[in-house]
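Please open the structure in your viewer and keep the sequence panel beside it. The tour below moves from one selection to the next, with a short account of what is there at each stop.

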Amino acid sequence: MPISRRRFLHAAAAAVPLVSVVTRLRAQSPALPGRITRMQSPVNLEMNFAGLNGFITPNDLFYVRNHFSQPKIDVAAWRLKIEGAVNKPLELTLDDVKELSVKRRRLMLECAGNGRVYLTPAAKGVNWQLGAVGNADWTGVTLADVLDRADVKSSAVEVVLEGADTGVIADPQSPGPIAFARSLPLEKARKPEVILAWHMNGMDLSPEHGAPLRAVVGGWYGMASVKWLKRIVVVEQPFQGFFQSLDYTYFRRIHGLPSLTAITAIPVKSQIARPSQDEIIESGKPYKVVGAAWAGEADVAKMEISVDGGKTWSEAALSGEAVPFCWRLWTFMWKEPAKGRTTVMARATDSNGVSQPRDHDPDRRNYMITHVLPVEVEVK
Ligand SMILES: Nc1nc2c(c(=O)[nH]1)N[C@H]1C(S)=C(S)[C@@H](COP(=O)(O)O)O[C@H]1N2
Ligand SMILES: [Mo]
């Protein structure tokens, strides 16, 4: 059960010694509520992943990734424009958007730089630990329905999503302020897992998560899920914007030639929520190792844990049913932790038989960090 701030404050106010309140909360979840600030301006916040305690990430714990400062939007004046290679250009109010067929989708988001702090040598970019990932219920309309209304021309190849936030990039210097924008090939844009949402976990989308309307692109890294959506441009040539030709690219080998390519789908990955680094574990007592695993457009097929630094592996239990484009929680009972220092590791395998790599592939630059991460603990 999630620990609400109110419960925490209520217990504290009831004059229970704070130490015992904290101990009790930690017994349920080792992390107290709240996010970790990674950058003050623009605001970048991550969840404390050690506090993972449910399939859905509460809105106020859900990470925030901003490249520019949050735009101020007057919803009454706001319009969504759909233009470019369409037969019927549109300008929709939020109410117009809501008139289309309303869909609910459970989809997770992960920043392509999640886990960057674990790269050696230290990499450029926001130094996320494990918390730039979350899973939510979204309410909106499919991008496909919006595109159908605009009647896309047969010459179209991609759909560019443009946000209302703008800023100047220093390195390399941008031609003045540019907007955050990303494109989707038409094929992905028309998939049912791509929606334009105004509700997150049953609540109005908050300004930090992209109000009044944002894209959520299931199975792809977070940069595709453009917030504060203001314009959809259907194009007849692949888009080469900053956030997919310079930022958010990796080297794909074409006949041995490394070629900068836009990052898209999330490869298989798992993260250990508990224990965390340097946690002290009681010897001889069963310890429940918990975490989450995900696989982008595929499913998680197998989850394995090692409590001896990767020498031997045992299968962990996947909880519940697989929900497409969401993470899957897992648990592993470590029956008899033996005294000493040891390393816990987790490794997921997806439905295509692909497992997490041992090491970070340098072709991925400072993105797509999915290699197995060791968690060192002390058993006493
Ligand atoms: N307009 C706009 N959309 C954006 C971004 C942004 O900076 N501006 N950041 C992207 C990135 S890199 C990620 S990981 C997700 C994060 O969504 P969240 O802040 O709601 O968690 O939003 C994406 N959409
Ligand atoms: Mo991101």
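Strands (E, at least two residues) and helices (H or I, at least four residues) are DSSP runs, numbered from the N terminus. Before going further, note that this is a predicted model, in which local features need pLDDT of at least 70 and side-chain atom pairs count only at pLDDT 80 or more, while totals for chains, interfaces and linings use all residues. Residues are numbered from 1 along each chain as its sequence is written, chains are lettered from A and ligands numbered from 1 in the order in which they are written, and side-chain values use heavy atoms, with hydrogens and water left out.

Within this pair of strands, pick out I36, which stands opposite E46 in β2. Strands of a sheet pair through backbone hydrogen bonds, either parallel or antiparallel.

**Second stop: H67**

The side chain of H67 makes a polar contact of 3.0 Å with the side chain of Y248, and another, of 3.2 Å, with the side chain of R65. A polar contact here is a pair of N or O atoms within 3.5 Å; within protein, one atom must be able to donate a hydrogen and the other to accept it, and residues adjacent in sequence count only if both atoms are side-chain atoms. If you leave aside residues up to four places away in sequence, H67 touches P42, F180, F243, D247 and Y248, contact meaning heavy atoms within 4.5 Å.

Now select ligand 1, which is surrounded by 20 residues, the closest being Y63, D165, H209, R214 and K227; a residue counts as near when one of its heavy atoms lies within 4 Å. A backbone N or O atom of Y63 lies 2.6 Å from an oxygen atom of the ligand, and a backbone N or O atom of R65 lies 2.9 Å from an oxygen atom of ligand 1. On D165, a polar side-chain atom lies 2.7 Å from a nitrogen atom of ligand 1. The protein covers 100% of the 530 Å² of accessible area that ligand 1 has on its own, areas being computed by the Shrake-Rupley method with a 1.4 Å probe.

How many salt bridges does the rule give? The count comes to 19, each being a side-chain nitrogen of Lys or Arg within 4 Å of a carboxyl oxygen of Asp or Glu.

Select R104 and D137, whose side chains meet in a salt bridge at 3.6 Å, N to O. This pair links distant parts of the chain, with R104 in strand β6 (residues 103–110) and D137 in strand β7 (residues 133–142), 33 residues apart. R104 counts as exposed at 60% relative accessibility, whereas D137, at 12%, counts as buried; buried means under 20% relative accessible area, exposed over 50%, and partly exposed in between (1.4 Å probe, protein chains only).

Go on to K188 and E297, which form a salt bridge with their closest N and O atoms 2.7 Å apart. K188 is in helix α5 (residues 186–189) and E297 in the loop between β18 (287–294) and β19 (300–306), 109 residues apart. K188 is buried, at 5% relative accessibility, and E297 is partly exposed, at 45%.

**Last stop: strand β24**

Finish with strand β24 (residues 375–379), which has a covered face of V375, V377 and V379 and an uncovered one of E376 and E378. Strand β23 (residues 340–350) runs antiparallel to β24 and is joined to it by 5 bridges, with T343 as the bridge partner of E376. Strand β17 (residues 280–281) pairs with β24 in the parallel sense over 2 bridges, and I280 has E378 as its bridge partner.

The side chain of E378 also meets that of R341 in a salt bridge (2.8 Å, N to O), which joins β24 to β23 across 37 residues of the chain. Salt bridges that share partners join D278, R341, E376 and E378 into one network.

Key
Pairing = 2+ DSSP bridges.
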